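Please take a moment to look at the sequence and the 3D structure together.

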Amino acid sequence: MPRGGKAARSASAAGAGRGGDRISALPDAVLQHVLGFLPVREAVRTCVLARRWGHLWRSLPCLRVVDVEVLGSVDELTRFVNRLLLLRDPGSALDGCEFDLRGFEDVDPVYVDLWIQHALLLRARVLSLSVRWTQLYKRFDSQYLST
C-alpha cells in the first residue's frame with residue numbers, strides 16, 4: 001500500500017489515541033486561545049512544531065509582549081514587535097494586547113506609539129502598557145521642562 005494511504009492514516013489516528021499528539025487534533029480557535037496565554041515570542045516559536053501550527057500565531061486573540069529582556073537589546077525588541085504586528089493577520093481582531101516594556105528603559109517612544117496605534121487598528125478591546133516611571137519622567141522632563 002502506498003505511503004500516506006488509509007492504513008497510515010489509521011495508524012496515525014491510533015497513535016494519537018494512545019497518548020500521541022492529541023493537541024494537534026484540537027480546532028484552530030482552541031489552539032489560538034491557549035497560545036494567547038503565552039508570551040508572544042513563545043507563541044510565535046510554536047510555528048516550528050508542525051506545518052499546521054505555522055499560521056496560528058498570526059491570528060492570536062491576545063498578544064503578550066512580555067519578558068522583553070530575553071531579546072537582548074532594544075533593537076531586537078523593536079525588530080521583533082514591528083515584524084509581529086506587520087505579519088499579523090489584519091482580519092483577526094484582538095481581544096487583548098499587553099506591552100510590558102519595563103525590561104528596557106530606552107525604548108523609542110515613537111515605536112511604542114506606533115505599536116499602540118497598530119493594536120488599536122486591529123480593534124484591541126483591552127490594551128495594557130507597562131513602563132518604568134523613570135522612563136516617563138525622563139521623557140516628560142526633557143520635552144516639557146527644558147528651556
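**From the whole chain to single residues**

The protein contains six helices and three strands, where helices (H or I, at least four residues) and strands (E, at least two) are DSSP runs, numbered from the N terminus. This is a predicted model, in which local features need pLDDT of at least 70 and side-chain atom pairs count only at pLDDT 80 or more, while totals for chains, interfaces and linings use all residues. Residues are numbered from 1 along each chain as its sequence is written, and side-chain values use heavy atoms, with hydrogens and water left out.

If you follow the protein from the N terminus on, its elements come in the order α-α-α-β-α-β-α-β-α. Of the 147 residues in the protein, 31% are buried; here buried means under 20% relative accessible area, exposed means over 50%, and partly exposed lies in between, with a 1.4 Å probe and protein chains only. The protein exposes about 9,600 Å², of which carbon and sulfur atoms supply 58%, and such accessible areas come from the Shrake-Rupley method with a 1.4 Å probe, where for residues only the protein chains shown count as cover. A contact means heavy atoms within 4.5 Å, and among the contacts in the protein with a separation of 6 or more, 77% are between residues 24 or more positions apart.

The strands can now be taken in turn. Strand β1 (residues 62–65) pairs with β2 in the parallel sense over four bridges, two strands being counted as paired if DSSP finds at least two bridges between them. Within this pairing, Arg64 has Glu98 as its bridge partner in β2. To get from β1 to β2, the chain passes through helix α4 (residues 74–87), and this β-α-β crossover is right-handed, a word which says that, with the strands pointing away from the viewer, the path from the first strand over the helix to the second runs clockwise.

On to the next pair: β2 and strand β3 (residues 126–130) run parallel and are joined by five bridges. From β2 to β3 the chain crosses through helix α5 (residues 109–121), again in a right-handed β-α-β crossover. Glu98 stands opposite Ser128 in β3, and Phe99 has Leu129 as its bridge partner in that strand. How much of β2 is covered? Strand β2 is mostly covered, since four of its five residues are buried.

Leaving aside residues up to four places away in sequence, Asp100 touches Val65, Val66, Val68 and Ser130. Ser130 itself lies in strand β3 and is buried, because its relative accessible area is 19%. With the neighbours up to four places away in sequence again not counted, Ser130 touches Phe99, Asp100, Leu101 and Arg102.

How many disulfides does the structure hold? There are zero disulfides in the structure, a disulfide being a pair of cysteine sulfur atoms within 2.5 Å. For Cys62, the closest cysteine sulfur is that of Cys97, and since the two sulfurs are 7.5 Å apart, they are too far for a bond. Cys62 is partly exposed, with a relative accessible area of 24%, whereas Cys97 is buried, with a relative accessible area of 3%.

Asp67 lies in the loop between β1 and α4, and its phi is near 55 degrees, a positive value in a residue other than glycine. Asp67 is partly exposed, because its relative accessible area is 45%. Arg123 is found in the loop between α5 and β3 and has a positive phi of about 65 degrees although it is not a glycine. With a relative accessible area of 46%, Arg123 is partly exposed.
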